[in-house]
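Here is a walk along the interface between two chains.

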Amino acid sequence: MSALLSWSLGDIDNASHVVGTYVVVLGGIGLFVLRMRVSARRSAERVPPEDRPWT
Amino acid sequence: MTIAAPASQTTSSRSALRRPTSTRFSRGLGTAVLAGLVTLVVLGLAVSPDDRIQGDAVRNLYIHVPSAWLAYLAFIVTAVSSAAYLFRRTRSLAWDRIAGASAEVGVLFMAITLVTGSLWGRITWGTYWVWDSRLTTTAFLLVTYIGYLAVRGLGGSHHQRARRSAVLALLAVLEVPLVHFSVRWWRPLHQGQSVRNGELSDLMLFTLFTGLVTFTLLYVWLVLHRQRVLTMDDMVADRGLDAALAERQREGGQ
């Protein structure tokens, strides 16, 4: 897949802005998920699994 | 003497601590979202053709439009959940937590929409920002929902938080149609609808559709996990309050 992408990106005009768009979106999602996981683990230390309605 | 827990129980409690908001359904959904995102990147950057007018800049469409769609969806769900909380028959803090989780996801994707739109604008307009009606109303919508999240963070009981933020959410959602129809009402620099005008090829439409479906699933996954984190946060706060009250009663009894 990376070979396909690098082959394709070589031909893209304004590659930095186009690829930058994808990086911003995926990076933003990644950071949000990371922050959510950290916050979830912190709270989970004080809420036992049997008290969580979804478990 | 220490009694060792059975191996399966230890593994299960470790998993509950490592992935506290995860269930089999959410893991399946997360896998589908990941597959969708990989497909979208490959389709958007490598497979779909360039546009005869915009060239490769059209590739931003597949990720910019779904981001905007997700933000709209998030703000509408926030309003509907808030209305469900305010309605006496369906009043539950679960609605408030869904509203809060949805607004957080909406703010993230509204910010992403503005940044990706700026990058696209730099290519097609030659500038990152213009104060046209679409961009200005979108920025205003983002600031409104940042304010909504700030209001949620003010003190008070869970029900006080839920009541005041629900009222604000019902007012804030009125801005969504203003943003959406701004391209029709004020003829800004921002382009109008491309899909209904038949300006996209079949492969372009398929890529855009993949983006919309993937981002909708991503929204469900994010809100599902986030509202579970908020549920645990509320439980932790309640326990802290209960412990403080018990302490006070003990002090009073002495």
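In this predicted model, helix α2 of chain A passes helix α3 of chain B in a left-handed crossing. On the α2(A) side, the contact uses A:T21, A:Y22 and A:V25. They meet B:I63, B:H64 and B:S67 in α3(B). By class, this contact of α2(A) with α3(B) holds three nonpolar and three polar residues, with no charged ones.

Now turn to helix α4 of chain B, residues 93-124. The axes of α2(A) and α4(B) also come within 9 Å, but they cross at roughly 170 degrees. An angle over 145 degrees counts as roughly antiparallel, so α2(A) runs roughly antiparallel to α4(B). From α2(A), the contact draws on A:H17, A:G20, A:T21, A:V24, A:V25, A:G28 and A:F32. Facing them in α4(B) are B:L108, B:I112, B:V115, B:T116, B:L119, B:W120, B:R122 and B:I123. The residues of this contact of α2(A) with α4(B) divide into nine nonpolar, five polar and one charged.

Step back to the chains as a whole. The contact takes 30 residues from chain A and 34 residues from chain B. Which elements give two or more residues to the side of chain A that touches chain B? They are α1 (2-9) and α2 of chain A. The largest share of that side, 15 residues, comes from α2(A). By class, the side of chain A that touches chain B has 16 nonpolar, nine polar and five charged residues.

Definitions and conventions. Residues numbered from 1 in each chain as written. Chains lettered and ligands numbered in written order. Predicted model: local features only at pLDDT ≥ 70, side-chain atom pairs only at ≥ 80, totals over all residues. Left-handed = near helix turned anticlockwise from the far one by under 90°. Helix = DSSP H or I, 4+ residues; strand = E, 2+ residues; numbered from the N terminus. Contact = placed C-beta atoms within 7 Å. Nonpolar A, V, L, I, M, F, W, Y, C, P; charged D, E, K, R; others polar. Axes fitted to C-alpha atoms, helices over the stretch in contact; angles between N-to-C directions. Parallel < 35°, antiparallel > 145°, perpendicular 65-115°, else oblique.
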